[in-house]
Amino acid sequence: MPLDHAAHHAAISARDARFDGAFFTAVKTTGIYCRPICPARTPRAENCTFFETAAAAEAAGYRPCLRCRPELSPLAHARADNVAGQFIRLVERDGLFGENLESAASQLGVSSRHLRRSVEQECGVSPAELVRTTRLLFARRLLSTTSLPVSRVAFGSGFNSLARFNHSFRTQYGEAPGAFRRQSAKPSHANGIRLALAYREPFAWDAMLAFLGKRALPGIECVRAGRYWRTVRAGDRCGWFSAGLGRNRSLDIEVSDELATSLLALAGRIRAMFDLDSNPEPIASVLCADPQLRPLVERVPGMRVPGAFDGFELAVRAVLGQQVSVAGANTLAGRLIEKFATSAQGLPDGLTRHPLEAEALAAAEPCDIASIGLPATRAATIHSLATAVATGKLDFKRPTTAPGVLMSIPGIGPWTRDYIAMRALRWPDAFASGDLGLRKALKPPEPCSAKELEIRSEAWKPWRAYAAMYLWTAATEKK
């Protein structure tokens, strides 16, 4: 929420973790900028300037604090109600690997001129400055927390040459990457690559794992030993990652060495998948106003909406789940993966297949897809879905146009669209009022009508996706 100068200063005086990542404090007398939770002595109010983004602070000439490490802060919940907010989400969650301004503007359905103007008005910096600062801050994180060579840090942070990375880092921070590494925290020398991705407490990790575990795509993803595991394809490279609870309000991410050059984009997709940018407090305040939801929120604080690492996979899984149980959909998914996903070797236990590719399903005949035990109409839907993705007609990185394209595919109706919008497109207010499970959970034992649920859900806006998670969880607990 917007804060005035006094409220900002009160938040940093209290070192209130709820504001971590929501703004940054620049101190005129030191020339550095900090997180709201910085352990250093609170500066005088007249010496503080507050910025919404790290990029704006750095554009104004401030350097990141070495004590609170702004590059490690959780991200602000990206605003989806304006062009600038959508662009910030592209930068923070996707890294804009290989993207230019025109391509980003096309994804958002606006002109590059309008995008540039919107970002400058909202963030105080140009789109290029926002992208550069995001990459540099991620590089600082890798330099101080991993033992990756500087060259791999450069490419893993989105720079296409080591020389450009060294020049940008020295220009921005006044020192070479190697010098920064020597004076920063000692990097980890554990096997593999480890990343710490921050979140705001509370975080219902067990509920997240339970939801994902029941819907895991066999061979591609699994849940075991308190962690989530899955295979990944990044360009022409294939690898894997796992995620589990870490220390200091962060997820511990282990990444296979094959994915070292795609770490920024990978981290962004993982943040979106586990809903790490969510701020539980405002969500809980809205949902707790409902007497039926309040005990659910209090019993499982910090519920997140599980996302999808790959939008196409999630869409296929949603179609397979139409009018069948979760267990039945898992069986069908396993057959589809065995038939159309390529096998993989040398992966952690539980992972045996590379991710599903739209091109493979688009090249198949609908009857081949139906041979896994699907009705012909549903097989045709999956084939049409794969064809739309393979030809570029459907792009899950275009949240403004994807729902309309989905609805144009025969066999995809409002429930499937809303479920995909909730998990793959990351719409916090996506809500399938026709879902039988939600209707039963709201008014057991007999389900209420879809209209009644829609009316009741008006009070839960703009967090209806989170309300759905609480209702689904409650329904599962009663079984």
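The model is predicted, so local features are described where pLDDT is at least 70, side-chain atom pairs count only at pLDDT 80 or more, and totals for chains, interfaces and linings use all residues. Residues are numbered from 1 along each chain as its sequence is written, and side-chain values use heavy atoms, with hydrogens and water left out.

Let us start with strand 1, which covers residues 24-27. Strands here are DSSP runs of E with at least two residues, numbered from the N terminus. In a regular strand the side chains alternate between the two faces of the sheet. You can follow this in strand 1: Phe24 and Ala26 point one way, Thr25 and Val27 point the other way, and all are buried. Buried means under 20% relative accessible area, exposed means over 50%, and partly exposed lies in between, using a 1.4 Å probe and protein chains only.

Now for the charged side chains. Side chains of opposite charge can pair when their charged atoms come close. A salt bridge is counted when a side-chain nitrogen of Lys or Arg is within 4 Å of a carboxyl oxygen of Asp or Glu; the count comes to 21 salt bridges.

How exposed or buried are the residues in such pairs? Arg271 and Asp277 meet in a salt bridge at 2.8 Å, N to O. Arg271 is buried, with a relative accessible area of 4%, and Asp277 is buried too, at 2%. Arg18 and Asp16 form another salt bridge, with their closest N and O atoms 2.6 Å apart. In this pair Arg18 is partly exposed at 40%, whereas Asp16 is buried at 15%. The side chains of Lys461 and Glu458 meet at 3.3 Å, N to O; Lys461 is partly exposed at 35%, and Glu458 is partly exposed at 42%.

Finally, salt bridges can be followed through a group of residues: Arg194, Arg227, Asp252 and Glu254 are linked in a network.

How values were computed. Helices (H or I, at least four residues) and strands (E, at least two) are DSSP runs, numbered from the N terminus.
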